[in-house]
Amino acid sequence: MLKLYDTELSSRLLLGTARYPSPAVLSEAVKRSGAGIVTVSLRRETSGSRTGGAFFELIRQLGVRILPNTAGCHSASEAVLTAKMAREVFGTNWIKLEVIGHHDSLQPDVFELVEAARILTNEGFDVFPYTTDDLIVGEKLLAAGCRVLMPWCAPIGSAAGPRNPSALVAMRAAFPDIPLIVDAGLGRPSHAAVVMELGYDAVLLNTAVASAGDPPAMGEAFAKAIDAGRLAYLAGMLEPREMAVPSTPVIGKAVFS
Amino acid sequence: MSLFLVKGAGVAGLSVAYELLRRGEDVDIVDYQDTIGQGASFFAGGMLAPYCEREAAEDIVLTLGLDAADWWDRAVPGAVVRNGTLVVAQPRDLADLTRFASRTNGHAWLGRNEIADLEPSLSGRFDKALFFENEAHLDPRRALTGLAKAIRNLGGLFHLGWGPPPKKNYTAVLDCTGPAAIPHIPGLRGVRGEMLYLETGEVSLSRPVRMLHPRHPIYVVPRDDNRFMVGATMIETDDDGPISARSLMELLNAAYALHPAFGEARVVETGVGIRPAFDDNVPRVVETGEGLAIAGMHRHGFLLAPAMAKKAAGRFSNGFALQEGMTA
């Protein structure tokens, strides 16, 4: 079972809550995907006020764990402030830490990210950092107190799928005991299956589900792909080879010819 | 003949008042504002674009919205401009245009030359666009002024501004108070919308232009006098404070990307309205203790007010009874 900061979760899918056609569709997508965690942006949905009102109430009523995020923050201090506000609003120490370096590309600013992670961990937060696939940044985040890493596999919202699978493989090998969640860049269920086959522990999705023609159906499709990828990883997959390998002996041929 | 009280002089209230008057009923309209249409209606885009809205809205929004342009044309002759809608995207967001096309009907793909023919101001700026020929738009402020005039001509009485409500024996009350109804109607929430008006003589558009973007889609609706309404954000809060710097920046950025001349335009107005919505973002006619409410218009006020007004007015002509327990 997936364990994140001492919480056991039966689903390996984390779902974002932005940009659905309506809260009703969002709610249905959460149900059909079986997601155990939803992330919600404080800055975007509150427009500076601290209430968020009815929408946050709808999120609470989904009955799943809430992982507030700091989407839209561009500096450590901004992110720390938003995280504290999130703790008040949702009564949780969990925070998905996003510190964006570039408004346009949405690349994480890893320097500010590590700094914010250090401050927040010291203040008792359980930090889920949205980071790149850089190993050294990963190490520094762990040193700062993070016990989960959430690397991208492509830019946010790009739907491009794993752009650099070997970097993801290296990261898995470098941090064998740390829960790794692919956050950002997934477009279709097969992408999710690929990263799960690489041994990743979970995936986080938003646009790929929210902007699908039928978000609840897409949520379910992803859930199935994630299960398939995880099961395949545990089952042990064949390594690819250049030659055909007949599954029955070829009669009349020398075996090593 | 029965006497009805309509609370709220926005697009929903005026539409249902007009429908009731047309059916031969008497109507009083009250609003605490001194003039009509001062709520979210004042900041509306006025796009009668059921095909485009279908991209992210339930199918019912399309079917209920199809007759909106004809209704407004009848109620306020000359208010409706039937020039369609143009949908464009920056080159790197072309995937969004393809996606938009796959989610909608009633459009045709245009190339560079056809875009230039339709909107000379956008000549050379986009390689591809979607054209929704059968859509229309109107100027919400003018349309509501025209509708109020039609209501007065039909005998409807306005009671505007603070003051004691008229004490008469009303058959029923129609609550069309928009966001003010949020505390009273279960399931309603507020969705904040921010917009601005730009003024420039350097750009000329004949129809609403939507520019797709993964995070900040915008629309620009041309008005008279070189004005352009640029909208609109959708933020899940009922905070109606002034537009945020971020939203202002995003709307202006997007307008500038649509046409650089907007960079030289004057920002003549910014506005914030709260759109009441149910959790499926589809409006409803709901029963209240004293009659009916038209609630949850979300971002579809001018598009769906005609259908909701007909639905509510139709309830009364079919023999209204409070105890029936009706929700549309």
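Guide: Two strands pair if DSSP finds at least two bridges between them. Helices (H or I, at least four residues) and strands (E, at least two) are DSSP runs, numbered from the N terminus. This is a predicted model, in which local features need pLDDT of at least 70 and side-chain atom pairs count only at pLDDT 80 or more, while totals for chains, interfaces and linings use all residues. Residues are numbered from 1 along each chain as its sequence is written, chains are lettered from A and ligands numbered from 1 in the order in which they are written, and side-chain values use heavy atoms, with hydrogens and water left out.

Visitor: How many residues lie between β11(B) and β12(B) in their hairpin?

Guide: Five residues lie between them. β11(B) covers residues 209-212 and runs antiparallel to β12(B), joined by three bridges. Met211(B) is opposite Ile218(B) of β12(B).

Visitor: Which strand is joined to β12(B) by four bridges?

Guide: That is β13(B), residues 227-231, also antiparallel to β12(B). Here Tyr219(B) faces Gly231(B). The β12(B)-β13(B) hairpin has four residues between its strands, and Asp225(B) in the turn has a positive phi of about 60°.

Visitor: Which way do the residues of β12(B) point?

Guide: In a regular strand the side chains alternate between the two faces of the sheet. From β12(B), Ile218(B), Val220(B) and Pro222(B) point one way, and Tyr219(B) and Val221(B) the other. Five of the five residues in this strand, 218-222, are buried (under 20% relative accessible area; exposed is over 50%, partly exposed in between; 1.4 Å probe, protein chains only).

Visitor: Is Ser41(B) buried or exposed?

Guide: Ser41(B) counts as buried because its relative accessible area is 10%. Its place is the loop between β2 (26-31) and β3 (47-48) of chain B. Leaving out residues up to four places away in sequence, Ser41(B) touches Gly10(B), Val11(B), Pro140(B), Leu144(B) and Phe302(B) (contact means heavy atoms within 4.5 Å).

Visitor: How much area do chain A and chain B bury between them?

Guide: The size of an interface is often given as the accessible area lost when the parts come together. Chain A and chain B bury about 1800 Å², 44% of it on carbon and sulfur atoms (accessible area, 1.4 Å probe, lost on being put together, summed over both). The contact involves 25 residues of chain A and 22 residues of chain B.

Visitor: How many salt bridges does the rule find across this interface?

Guide: Zero salt bridges are found between chain A and chain B (a side-chain nitrogen of Lys or Arg within 4 Å of a carboxyl oxygen of Asp or Glu).

Technical notes. Buried area = accessible area lost by both parts, 1.4 Å probe.
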